[in-house]
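These notes are meant to be read beside the structure, one point at a time. Please keep the view open and find each element as it is named.

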Amino acid sequence: MTDVELALKKGKDSLKSAMATIQGTFSYEDTAYHLPISYALTGIAVHDRTASLDVFSRTQDNSLVASEIILAKKTAQDGKKVLPYTGFIADTVIRKLGYSLVDGSILGLALIVGTPQSDGTAAAICRELQEKYMLTFLAGPVVPSLSSAGVKLGLDYRLIPLGSDALHGVHFVDIIARVAMMFGGVTPGDMHRLLTYAAERAKAIVIALPGLSEEEIALVDGMRVLGFPILTLGEYSGGAWITATPEDIVRTGMELKGIRVTVTAIPIPMGCSPAFEGKSIRKEEMYVEFGGGRSPAFELLRMKNAGEIKDGQVTVIGPEIDSMTEGSANPLAIIIEVAGKTMKKDYEPVLERRIHNFVNYGEGSWHVAQRDLIWVRLSKEAVAKGVKIEHIGKLLASKFRMDFPQLLDAVSVTLITDGEKVLAARKEAERVYEERDARIRGMRDNDVNTYYSCTLCQTFAPNHVCVITPERPALCGAISWLDGKIAYEMSPAGANQPIEKGPVINARNGEFEGVNRFVKKASHGEVDRCSLYSVMEYPMTCCGCFECIALMLPEVNGIMIVNREFKGLTPSGMSFSTLAGTIGGGAQTPGFAGISKGYILSDRFLQGDGGIGRLVWMPAQLKEELKPRLVKILADRNMPDLFDKIADETSAATIEDLMVYLNTVQHPALKMKPLV
Amino acid sequence: MGFDLNFGWSGSIACVQLGATKSEGGTRRISYRIGGEKTLPFLEKIQGSSSPLITLEICDNPQYWSPIVTNYCGDMVHNSGEWAHAAETVYGADMVRLYLTSTRKRDFSDIASVGTTIETVLSGTGLPLIIEGSNEPKIDSEVFLKCGEAGQGERMLLGTAEAGRYRSIAAAAMAYDHSVIAQSPIDVNLAKQLNILLKEIGVSRDHIIIDPYTGSLGYGFEYSYSAMERIRFSALKGDADLAMPIICSAIDSLTVKEVRESEPAILDDIAVQWEFTTGLAAAIAGAEIICVRHPRTIPLLRKAFGSLTPGKIAGGEG
């Protein structure tokens, strides 16, 4: 066991005394960057003793600088490295290497230094690094160890033997310094920029095997300043080095630097594409089914800590497909566990909703509904091709990783088909559902300072800007505030952007300085003001996707709503489609607003126009759909009889009928302050 | 004319260098700096403002090219060096855009030939080059690496980056100091998004040219025109992520029904008119680079641009 702290101190001292003896001149060929580390840090071209000592003192006796100078001097004395070693690598090769990093064909860089305890250990670590698209540099006795284990070395194999001593590991840093100058816009001498680049952009990890000398420990530890994690298998103690097992050392390092392997192919015996999403599997085509009221079934996605789950692991608890009777209904639990540095608990329900899409992507798998109401089928054709329950798990694990590469580092899936175990697990799921509902229910517009925009529809409604708040979902009903927030975090340059709401201009109408500013910019200067809670004054623009249209009926001093499903004429004299054609396309039309169904149930609904008491008419089907929740909301707001006072096409088909009806029921809108 | 041409705009279009002369580290006879506008095209009577660059598109496997062009140009289409030479000396183009159509062959794997072709074209002409890489994501990485390498120092323009497919081109541009064509499907927001993605990966603003995607006249050009206008207005109003020069290539012009079905005697005339009218409209919407495939379109555009740009006839050079 080596104590890093202790060795570090001694190592630094001996590097310092070695520096004192530097003499003569030295330089590398095939580079425009002199001694790249020294050059990047200070802007000084080091070729002799004077410059060496100058740079060493300017960098506060930095051990990377010392090692670079000592090695350059040694190389000048001993001549170039002989094969298989590369020694110092030329700029032209670095350019290609940088290309592969930007291009994504190499995911990151690794350095292995030291002496492996057994040839097999190093070989296994290298194999894993190769499989994960890392480019690995090797320095020291690890090189002959790999050769004797029969591992092929060279650029083609993504394993590059830098040199016979761990000291040659310094080339790893000079490569990164050059990549920073070539690709990262780092100017020589801009130390701060270099360190920021190395820490944030360079995806590099270091694995320190046993047997490093004190100077070599000082060199390796010096790389921490660049933000590279130093991992060991436990032969070093103290300091900031991280201990891991041979099995998880690569994964740990990659996770620490946020290096992600992207999944490109899904290993299952059926097609998987959005193209299959719309298909259905009818009873006669079905091999087995789960849920749908015929058997207990549910789905649950939860966040875990990185260490708690193994990426890609799929577990089936209970009988597999081959022991299920054709045509039968079976119990099923789909439990997905995810981990990721930027993953948050709030995202769970949004990601869980994707299970629906992903299962439907499968050529022979079908999914409807959500939570404990799910209904899943597998087709005869798919089962004949060899699809098993396990493959649904593989599909889900791969798709989640593919579609959320920035968010998720690890996904594991457990599928339970054992009836009793499904029921037991469902209890916990129900607790989680309830907890989530409570959290969303509690969210109010006043609780947050940031709303989200949606400009997805600007392709056909060029100046339309949706402003999404916790209480006012996008007018299409498809994107909630939380969805907007997540979409922004996953795709920061995308169609959902944060809007700082800023100082209040009109609290009742929901007009904010920040929102106005954003809307003006995002509507390309066309829309100056936007009130979130008013149909009458500066209402939000409309694209064409609104679930419902709210519009004023001046004759009755009220506001009516018509939903997309309603085909008839409304008391306004127009049908939904005529109205939609009038107000859509990105225009702001006072007196009209596109809204989602969910917004009708919010406390903010029509706040600027006198509240829900203005609501005089909506189609019977919409009324029925909202009834359970709306009745409760109206009771809470001391308007228990309002629900029945809202007319529909059966009680009032025309504006004349509506006037009579509202008078008969004494609708509160009639007594409100005039709308216009 | 009495119009007030002061719109109160605050933004200006980024300057992009295309081509590098010997003194600039390349081998081109001429290089251009496009962009820099502070208002709409053809409004300003400012000395030194250049009219759009007219680019002739050629390819290295004419099997994938319109027979209208290959018939007109003759045997030279089998030798991209000669074709590029003619583009400069006979047809009078400002730039040459080489499509590596040879890479479209099934299971193409002769990556080295890409380098050779580019070298041939570079020695065939002294004009700055635009290189259009592969059409196949699987070979992108190797093809663009080769393109970047072969034209190192020449400040070429590499195409075409799209939202799902920009890393290799960006890498080649960054590694070998070329510029990138960023194409989005006729949508101002997607154009901006792609520019931001390129910026994040490290491509600087003065190395990006926007391709808003150009539909041919009568076949969607009005959408392209509107997208170009909106991109340019946003840029002039100060949106730096959209303030890059625009390139337009209405490649469908030679295959539209009216051209395909015209009488053989007037086939060339119709094709040229179609390209000309689309290209002229694109220039008026703000495009700095207009690409055409029929050589006869070049003098027509040159004349039209000259009449719109007082005291200025040729492209970047005159």
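1. Where the chains meet. In this predicted model, 19 residues of chain A are in contact with 20 residues of chain B, contact meaning that the C-beta atoms of two residues, placed from the backbone, lie within 7 Å. Helix α5 (residues 91–103) of chain A supplies the largest share of the side of chain A that touches chain B, namely six residues; helices (H or I, at least four residues) and strands (E, at least two) are DSSP runs, numbered from the N terminus. Sorted by class, that side of chain A has six nonpolar, 10 polar and three charged residues, where Ala, Val, Leu, Ile, Met, Phe, Trp, Tyr, Cys and Pro count as nonpolar, Asp, Glu, Lys and Arg as charged, and the others, Gly among them, as polar.

2. Conventions. Residues are numbered from 1 along each chain as its sequence is written, while chains are lettered from A and ligands numbered from 1 in the order in which they are written. Since the model is predicted, local features need pLDDT of at least 70 and side-chain atom pairs count only at pLDDT 80 or more, whereas totals for chains, interfaces and linings use all residues.

3. Chain A as a whole. The secondary structure of chain A comes to 22 helices and 25 strands. Of its 676 residues, 49% count as buried; a residue is buried if 20 or more other C-beta atoms lie within 10 Å of its own, exposed if 12 or fewer, and partly exposed in between, with C-beta atoms placed from the backbone. Among the contacts in chain A with a separation of 6 or more, 73% come from residues 24 or more positions apart.

4. A parallel sheet in chain A. Six strands of chain A form an open sheet in the order β4-β3-β2-β5-β6-β8, with parallel pairing, and two strands are said to pair if DSSP finds at least two bridges between them. Because β4 (159–163) and β8 (242–243) of chain A stand at the edges with a single partner strand each, one side of each is left without a neighbour in the sheet. Within the sheet, β2 (residues 108–113) and β3 (residues 134–139) of chain A pair in the parallel sense over six bridges, and Val113(A) has Ala139(A) as its bridge partner in β3(A).

5. Helices on that sheet. Helix α6 (residues 119–131) of chain A packs on the sheet, touching β2, β3, β4 and β5 (204–208) of chain A, and its direction makes about 150° with that of β3(A). Helix α11 (residues 249–256) of chain A lies across β2, β5, β6 (230–232) and β8 of chain A, running at about 145° to β5(A). For these angles, axes are lines fitted to C-alpha atoms, for helices over the stretch in contact, and angles run from 0 to 180 degrees between N-to-C directions.

6. A covered strand in chain B. Are the residues of strand β7 (residues 179–183) of chain B buried or exposed? Five of its five residues are buried: Ser179(B), Ile181(B) and Gln183(B) point one way from β7(B), and Val180(B) and Ala182(B) the other way. In a regular strand the side chains alternate between the two faces of the sheet. Three bridges join β6 (residues 157–161) of chain B to β7(B) in parallel, and Leu157(B) stands opposite Ser179(B). The path from β6(B) through helix α5 (residues 167–176) of chain B to β7(B) is a right-handed β-α-β crossover, right-handed meaning that, with the strands pointing away from the viewer, the path from the first strand over the helix to the second runs clockwise.

7. The peptide bond from Leu83(A) to Pro84(A) is cis, with omega near 5°, and Pro84(A) is found in the loop between α4 (63–78) and α5 of chain A. Another cis peptide bond joins Gly159(B) and Thr160(B), with omega about -5°, and Thr160(B) belongs to strand β6 of chain B. Asp30(A), which is not a glycine, has a positive phi of about 60°, and His34(A) has a positive phi near 55°. Asp30(A) counts as exposed because 11 other C-beta atoms lie within 10 Å, whereas His34(A) counts as buried because it has 20.
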